[in-house]
Amino acid sequence: MGNWLYEFLLPKLEYLPYALLIGVCVFLIVSLIYALIRNRNGKPVRKATREALWGYFFILPWVVGICIFFLSGVANSLLYSFYNLKLDNVLRLEPLTGQDALGNTVYTPLANYISVFNKELNYPVTLANFAVSLILQLPIIIAFSLIIALMLNGKIKGRGVFRTIFFLPVIIATGPVMSQLTAQGVSSVPMVSQNTIASILTDFPEFISQPIMDLFSQLILILWNSGIQILIFLAGLQKVPNTLYEAAKIDGASGWETFWKITLPTLRSMILLNSIYTVVTLATNSTNPIIDLIYNATYAVTKGYSYGAAMTWLYTVVVAVLLLITFLLIREKKEKKSNDVWRRDVESAKRAGQNKKLNKLLGRRKAA
Amino acid sequence: MAVGGTKVNPKKFHKNQIPLYLYLIPIAIFMGAPIIYIINHAFKPMDELFAFPPRFFVSHPSLVNFRNLFQTTAGASIPISRYIFNSLVVTLAVVFLSILISTMAGFALSKMDFKLKGPVFEVNNIALMFVATAVTIPRYLTINTLGILDTYLAHILPLIAMPVCLFLIKQFIDGVPNSLIEAAQLEGAGSFTIYRKIILPLTKPAIATGAILAFQSVWTNVETSNLFTSSEGIRTLPFYMNTLTSVGTVQGQGMAAAAALIMFIPNLLLFIIMQSSVMNTMAYSGIK
């Protein structure tokens, strides 16, 4: 298997991003030529073709940028993770080899990945801790930013000042100031984290208690990270039409009911957007311990770039799974078929005499 | 139009608002802490910077850190204005181009129908969650191949396609009602007119958020100067600030604090300018 990988599959990996780029270009040119030929023959260009043409045109600059500067890097890092990369004067890729039970030399393309688990004892633990703390932090950030956004959406005095204050930590979060602040312990709630919580948590196993302790020690840091989320929620809140609130008021709905029945459903897409944004920023944040591990491994003499690339890919898979879970939990469910559609289906089934279909439709309604 | 959208609450101060303030003000103080800290830290004289336990507020403000900073820069072979100019050119170019590209791509991905639409958005989602450290070496090789090492392009081009920007803007454009676009098409508007007259004005909040994100990531970026340039005259301000403050001297700490404040001020100004124009656009936009 190793031979086949090294000879056939891996060298092709480098060209993958360019395949996308070429694909977009080819589709653009084909639709352009098609449109020109139709135009020449005096036939009007079809709307779908015209739309596709504009679509490719609008998307081309982004595709060029992402393919050349980002995807090629991503594809290459996947490629290098199966090799041993040497950067002396020129770049050199050495296939990874090992010995089988009989002492023959065999190719072992997955050696980097395996040694991440065998040698890097910190890595699986850090990864698991990260996943647990992410699951804990996400609801807190979303709830906090939603509450703040709801409060700031009202017409209170000094709204602009408050908005600025809540957003500002985002701006300086990347700066050296943040590390100074964390080092001096400004970002934790000292009383809480040391006494009450700690005494309760001793009863739990460590893999649960540790992330919760971290959560409290970073509570303020977490709140500082929610500026963009507040901004997105605010923009979403202003899209909720006022007439809905007025109608609810007339019907005698309380503020609490209005929030659950009107505000929250309208904000659903914003909650999804914010959740994904939060997961992504938490995962790629430079203060993340895993990023630290990867960075150190990449520039360490004994490990090197290939090793770091293998770690990165394992990490990316974990983040992707977490994102997928978030997405599946929060996405909008498909609307149930409305009564009218159902009735029309039943009528047409009756007319056509399709008993099987009719029974199915009626049965579905009974079940619901 | 939802013009009255925010007029539910009374215009003047009302006693109903007091509980709201009771929540908001303490949280705001928490959130504002780092800002107050940076400003105070920059004006601390040497003995207060190293005081133990560290103090939050400055008790004897002085300008000594700033004086040190500017004295050091005055002796350098390349004036600080050169770094500032480089930073401005790079930042403005990246912010403008990345927003242009992201809005165009977001419009196409959200409102147009064509083959390859799915794969392109999937690619963006992969790009979103990939760790940036892992692409530095391949990116260096690409830039080397293109022959743009040591130019402004080496600063600008790698940062233009920002997956986060595209993602935010695309999600916002999803919220623009299709009926608005269909109405414009009936009136005979082409795709470019729709982009310019409908999409751009209606997604202002997302554009502003994206612009702030892009600005922040470029303005504080040391990596491109570090990796893709070798001559001093083409490097940017954050890189210069880093070299000054990473010397490890005692003075370096104070200069770091002063430099942090200087780097922070443009961010603050940008946000204050943006925020008023951003917040209220949705209410008047015709989106329901």
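Me: This is a predicted model. In what order do the elements of chain B run from the N terminus on?

Reply: Take chain B from its N terminus. The count comes to 14 helices and 0 strands. The order is therefore written with one symbol, given the run assignment used here: α-α-α-α-α-α-α-α-α-α-α-α-α-α.

Me: What share of the contacts in chain B with a separation of 6 or more comes from residues 24 or more positions apart?

Reply: A contact here means C-beta atoms within 7 Å. Of the 288 residues of chain B, 42% count as buried. For contacts with a separation of 6 or more, the share from residues 24 or more positions apart is 78%.

Me: Which element gives the largest share of the side of chain A that touches chain B?

Reply: The contact takes 77 residues from chain A and 77 residues from chain B. On the side of chain A, 21 residues come from one element, residues 47-80. That element is helix 3 of chain A.

Me: Why is helix 3 of chain A largely enclosed by the rest of the structure?

Reply: Buried means 20 or more other C-beta atoms within 10 Å. Helix 3 of chain A has 34 residues. It is largely enclosed because the buried ones number 25 of the 34.

Me: Where does helix 3 of chain A bend?

Reply: The bend is about 45°. It falls at Cys67(A).

Me: How far apart do the C-alpha centres of domain 1 and domain 2 of chain A lie?

Reply: Domain 1 of chain A covers 2-109. Domain 2 takes 121-173 + 225-290. Their C-alpha centres lie apart by 37 Å.

Conventions:
Residues numbered from 1 in each chain as written. Chains lettered and ligands numbered in written order. Predicted model: local features only at pLDDT ≥ 70, side-chain atom pairs only at ≥ 80, totals over all residues. Contact = placed C-beta atoms within 7 Å. Helix = DSSP H or I, 4+ residues; strand = E, 2+ residues; numbered from the N terminus. Domains from an automatic or database assignment. Bend = angle between axes of the 7 residues up to and from the residue. Buried ≥ 20, exposed ≤ 12 C-beta atoms within 10 Å, placed from the backbone.
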